[in-house]
Amino acid sequence: MQGSSNTPVLKDLVLVGGGHSHIAVLRKFGMKPEPGVRLTLVARDIQTPYSGMLPGFVAGHYAFDDCHIDLRPLAQFAGARLIHAEATGLDLDNRRIHCAGRPPVAFDLLSLDIGSRPNTGHVPGAAEHAIPVKPIDRWLSQWQRVKADAVASGGAYRIAVVGAGAGGVELILAVRNALVQEITAAGGDPRRLQLDLISADASVLPAHNRRAQRKFARLLAERDIRVHTGVPVAEVGPGELHLADGRRLEVDAPLWVTQASAPEWIADSGLATDSHGFAEINESLQSTSHPQVFATGDIASMAGHPRPKSGVYAVRQGPPLANNLRRALLNRPLKRYVPQQKALAIIGSGDGHAVAVRGNWAIEADWLWSLKRWIDERFMAKYRDLPQMDEGG
């Protein structure tokens, strides 16, 4: 590994964030180390979640360890320094990344894969009263509290999910499945649950085709989840949501799964961004303004190739990112990579059923949930059962 080598450090490659692309970079560099390169990972979370399995975890199908990757053995395998800290700023002139509670980290080459977070800033009261689903670790701790409150509540317990994209739809179905089981196991009546899904768009799953929209509209209705479409939330107060059409919904747990946003320090650094503040990259996964910076996953926006903020794109960007980082370190020409326009999405209903969506088609079946589990568990195994490194690398 790099950590045991006597090769002098010639270049510093710093990865900020333990997202889906960066775990692939760590694995690739562990399999084939690059002499003279010091690899550093700066990560806010040591246990990095795999987004594809989180709804299954919420629904009760997975344990915590099933859907989280421990970055410590992965960093050790890659010969990387691991700095457990949150990035808070970027000094492009001096090539430093600032971290909370730590000295700045110097880099020659930088890669960002820090994900995104739901935007609570545009709705009054949302930042104070809503429960955003990201950062994941904070959401999961709040989810434990929501579960306990729902079970302990003697009367109606009201949950609203704000945002009806794939993440919001899958979350409310997972939440329902988990709470029905928990309340039933405690001897309660799960019918006291009240679940609302709120969409500012005219339908659920606005980014998907009409077949998928109709299937999930039916699944939600069959599970007694009330759906409010075409109506944004105007304000969030203690225990209530004010909708733009004047209605007021009482709610014990408002879960926030709306449009993604980026931390302000990305744009404040002077890095080129799109209109929403995400790092703008070219077809080499490289910043359009600063060639020493790369970015992938939700935090990045590829100029001319807009894509949804979905983990499937971050996963597929991992190998080409690793390849281009290695090429940049060796002063070789970078390879072009453009993500596919249509990606397969398998969206679970929380109870062992799923809908597969791609392009203009959608099918549903129980076996699709089994297929999704197999795909996700095989992905996780890649980062637990690490291969042998290339001794000749």
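Visitor: Where does Glu182 lie?
Guide: Glu182 lies in helix α6. Keep in mind as we go that this is a predicted model.

Visitor: Is Glu182 buried, exposed or partly exposed?
Guide: Glu182 has a relative accessible area of 36%, so Glu182 is partly exposed.

Visitor: And which residues is Glu182 in contact with, leaving aside its neighbours within four places in sequence?
Guide: With those neighbours left aside, the contacts of Glu182 are Lys147 and Val151.

Visitor: How far apart are Glu182 and Arg211?
Guide: In sequence, 29 residues separate Glu182 and Arg211. In space, Glu182 and Arg211 are 32 Å apart, C-alpha to C-alpha.

Visitor: Let's go to α7, then. How many residues does that helix have, and what is its reach?
Guide: Helix α7 covers residues 210–222, which makes 13 residues. From the first C-alpha of α7 to the last is 18 Å, close to the 18 Å expected at 1.5 Å a residue.

Visitor: Which residues of α7 are buried?
Guide: The buried ones in α7 are Ala212, Gln213, Lys215, Phe216, Leu219 and Leu220. Seen down the axis of α7, these buried residues fall within an arc of 165 degrees, so they line one face of the helix.

Visitor: What do the buried residues of α7 pack against?
Guide: They pack against α6 (166–185) and several strands, including β13 (193–198), β14 (225–228) and β23 (345–348). Also among the strands are β24 (354–358) and β25 (361–365).

Visitor: Which exposed residues sit on the face of α7 turned away from the buried side?
Guide: That face carries Arg210, Arg214 and Ala221, which are exposed.

Visitor: What about the two ends? What does Asn209 do at the start of α7?
Guide: A side-chain oxygen of Asn209 comes to within 2.9 Å of the backbone nitrogen of Arg211 there. Just after α7, Asp224 has a positive phi of about 60 degrees.

Visitor: New topic: Ser269. Where is its place?
Guide: Ser269 is in the loop between α8 (264–268) and β20 (279–281).

Visitor: Buried or exposed?
Guide: Ser269 counts as buried because its relative accessibility is 16%, and the cut-off for buried is under 20%.

Visitor: Which backbone atoms does the side chain of Ser269 reach?
Guide: A polar atom of the Ser269 side chain lies 2.7 Å from the backbone oxygen of Ile266. The side chain of Ser269 also reaches the backbone nitrogen of Leu271, at 3.2 Å. Leaving aside neighbours within four places in sequence, Ser269 is in contact with Leu90 and Leu92.

Visitor: Now the sheets. In what order do the five strands of the open sheet come?
Guide: The order is β5-β2-β1-β9-β21, with parallel pairing. β5 (81–84) and β21 (293–295) stand at the edges with a single partner strand each, so one side of each is left without a neighbour in the sheet. From one strand to the next, the twist averages 20 degrees.

Visitor: How many bridges join β9 to β21?
Guide: Three bridges join β9 (residues 109–112) to β21, and these two strands run parallel. Within β21, Phe294 is the bridge partner of Ser111.

Visitor: And which three strands form an open sheet?
Guide: That sheet has the order β15-β16-β17, and the pairing is antiparallel. Its edge strands, β15 (233–237) and β17 (248–250), each pair on one side only. Neighbouring strands of this sheet are turned by 20 degrees against each other on average, direction ignored.

Visitor: What is the bridge partner of Glu240 in β17?
Guide: Glu240 has Glu250 as its bridge partner in β17. Three bridges join β16 (residues 240–243) to β17.

How values were computed
Residues are numbered from 1 along each chain as its sequence is written. This is a predicted model: local features need pLDDT of at least 70, side-chain atom pairs count only at pLDDT 80 or more; totals for chains, interfaces and linings use all residues. Side-chain values use heavy atoms; hydrogens and water are left out. Helices (H or I, at least four residues) and strands (E, at least two) are DSSP runs, numbered from the N terminus. The expected span of a helix is 1.5 Å times one less than its number of residues. Buried means under 20% relative accessible area, exposed over 50%, partly exposed in between (1.4 Å probe, protein chains only). The arc is that of the directions from the helix axis to the C-beta atoms. Contact means heavy atoms within 4.5 Å. A polar contact is a pair of N or O atoms within 3.5 Å; within protein, one must be able to donate a hydrogen and the other to accept it, and residues adjacent in sequence count only if both atoms are side-chain atoms. Two strands pair if DSSP finds at least two bridges between them. Axes are lines fitted to C-alpha atoms, for helices over the stretch in contact, and angles run from 0 to 180 degrees between N-to-C directions.
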